[in-house]
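Biologist: Could you take me through how to read the charged pairs in a structure like this one, and then its surface?

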Amino acid sequence: HACENEEIMRVLKADLGFKGWVMSDWGAVHSTVGSANAGLDQEMPTGEYFSATALKSNITAGKISASTIDDKVHRILRTMFSFGLF
């Protein structure tokens, strides 16, 4: 699954310098930890795997770092600000 593919996310974000956020295709996410750590920024449409509860429990367990979440928030908010959504 592309949502969990670290290589694709690295090429997109690091090699190509993509500054926006990566949103899943509808229903394409199949894990919390794998997708979050690979670089997916937002799950659509339900947030089943990227819910506050799922993310918080995995941060607490040390499976996802706080800096990983910070990067996701930064990408989403930076893009929203750049389009004048605030």
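Biologist: Is D71 buried, partly exposed or exposed, and what does its side chain meet?

Modeller: Bear in mind that this is a predicted model. D71 has a relative accessible area of 34%, so D71 counts as partly exposed. Its side chain and that of R75 meet in a salt bridge, at 3.2 Å from N to O. R75, at 8% relative accessibility, counts as buried. Both residues lie in helix α4, 4 residues apart, which is about one turn of the helix.

Biologist: How many salt bridges does the structure hold, and what is the general idea behind them?

Modeller: Side chains of opposite charge can pair when their charged atoms come close. The structure holds 5 salt bridges, including one between the side chains of E7 and R10, at 2.5 Å from N to O. Because E7 and R10 are 3 residues apart in helix α1 (residues 6-15), about one helical turn separates them. E7 is partly exposed at 46% relative accessible area, and R10 is partly exposed at 36%.

Biologist: Which salt bridge links distant parts of the chain?

Modeller: The side chains of D41 and K72 meet in a salt bridge at 3.9 Å, N to O. D41 lies in the loop between α2 (33-38) and α3 (52-60), whereas K72 lies in helix α4, 31 residues apart from D41. Both D41 and K72 are buried.

Notes:
Residues numbered from 1 in each chain as written. Predicted model: local features only at pLDDT ≥ 70, side-chain atom pairs only at ≥ 80, totals over all residues. Heavy atoms only, no water. Salt bridge = Lys/Arg side-chain N within 4 Å of Asp/Glu carboxyl O. Helix = DSSP H or I, 4+ residues; strand = E, 2+ residues; numbered from the N terminus. Buried < 20%, exposed > 50% of the residue type's maximum accessible area, 1.4 Å probe, protein only.
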